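Good morning, and thank you for the time.

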Amino acid sequence: MEYYAIVGLTESTKKPSGLLRKHEEPPWIPQQFNRETLEWEESKSAYSYFFGMDDDFEEITETEANEVITSWTLKAGKR
């Protein structure tokens, strides 16, 4: 799997607005991490990142993605 952080002007790979992932080989099956359900989900909007319609994402490692997910999970638990 390849992992990506969605980053805008004020965001970083450590604090992205979202996470994406896809298989390295076809079929890619892009997925976006849902911060409400705390699950990876297939997402039609994720296709726009991988197929040229959006470019505000940076590749990260699986470990970095899991660190972001852990921080979101901890924040969700404190609500």
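This is a predicted model: local features need pLDDT of at least 70, side-chain atom pairs count only at pLDDT 80 or more; totals for chains, interfaces and linings use all residues.

**Aromatic pairs, sheet and core**

The structure holds four aromatic pairs; rings of Phe, Tyr and Trp, the last through its six-membered ring, pair if their centres lie within 6.5 Å, with planes under 30 degrees apart counted as stacked, over 60 as edge-to-face and the rest as tilted. Residues are numbered from 1 along each chain as its sequence is written, and side-chain values use heavy atoms, with hydrogens and water left out.

One of the pairs is formed by Y3 and W40, edge-to-face, at 6.0 Å centre to centre and 70° between the planes. This pair connects distant parts of the chain, since Y3 belongs to strand β1 and W40 to strand β4 (residues 39–42), 37 residues apart. Helices (H or I, at least four residues) and strands (E, at least two) are DSSP runs, numbered from the N terminus. W40 also pairs edge-to-face with F33, at 5.3 Å centre to centre and 75° between the planes. Y3 and W40 are both buried, as is F33; buried means under 20% relative accessible area, exposed over 50% and partly exposed in between, with a 1.4 Å probe and protein chains only. Ring pairs join Y3, F33, W40 and W72 into a cluster.

Let us turn to the sheet. In what order do the five strands stand? The order is β4-β3-β2-β1-β5, in an open sheet with antiparallel pairing; two strands pair if DSSP finds at least two bridges between them. β4 and β5 (57–60) are at the edges with a single partner strand each, so one side of each has no neighbour in the sheet. From one strand to the next, the twist averages 35°.

β1 is joined to strand β2 (residues 18–22) by five bridges. Along this pairing, E2 stands opposite K22 and I6 opposite G18. On β5, β1 pairs over four bridges, and A5 has E58 as its bridge partner there. β3 and β4 are likewise antiparallel, over four bridges, with N34 opposite E39. Their hairpin has four residues between the strands, and L38 takes a positive phi near 60° in it.

Is β1 covered on one face or on both? Both faces are covered: E2, Y4 and I6 are buried on one side, Y3 and A5 on the other. In a regular strand the side chains alternate between the two faces of the sheet.

Finally, the core. Eleven residues make up the largest nonpolar core, among them Y3, A5, F33, W40 and W72; such a core is a set of buried Ala, Val, Leu, Ile, Met, Phe, Trp, Tyr and Cys residues joined through side-chain atoms within 4.5 Å. β1 (2–6) and α2 (62–77) are the elements that give two or more residues to this core, and α2 gives the most, with four. α2 lies across β1, β2, β3 (31–34), β4 and β5, at about 140° to β2; axes are lines fitted to C-alpha atoms, for helices over the stretch in contact, and angles run from 0 to 180 degrees between N-to-C directions. Contact means heavy atoms within 4.5 Å.
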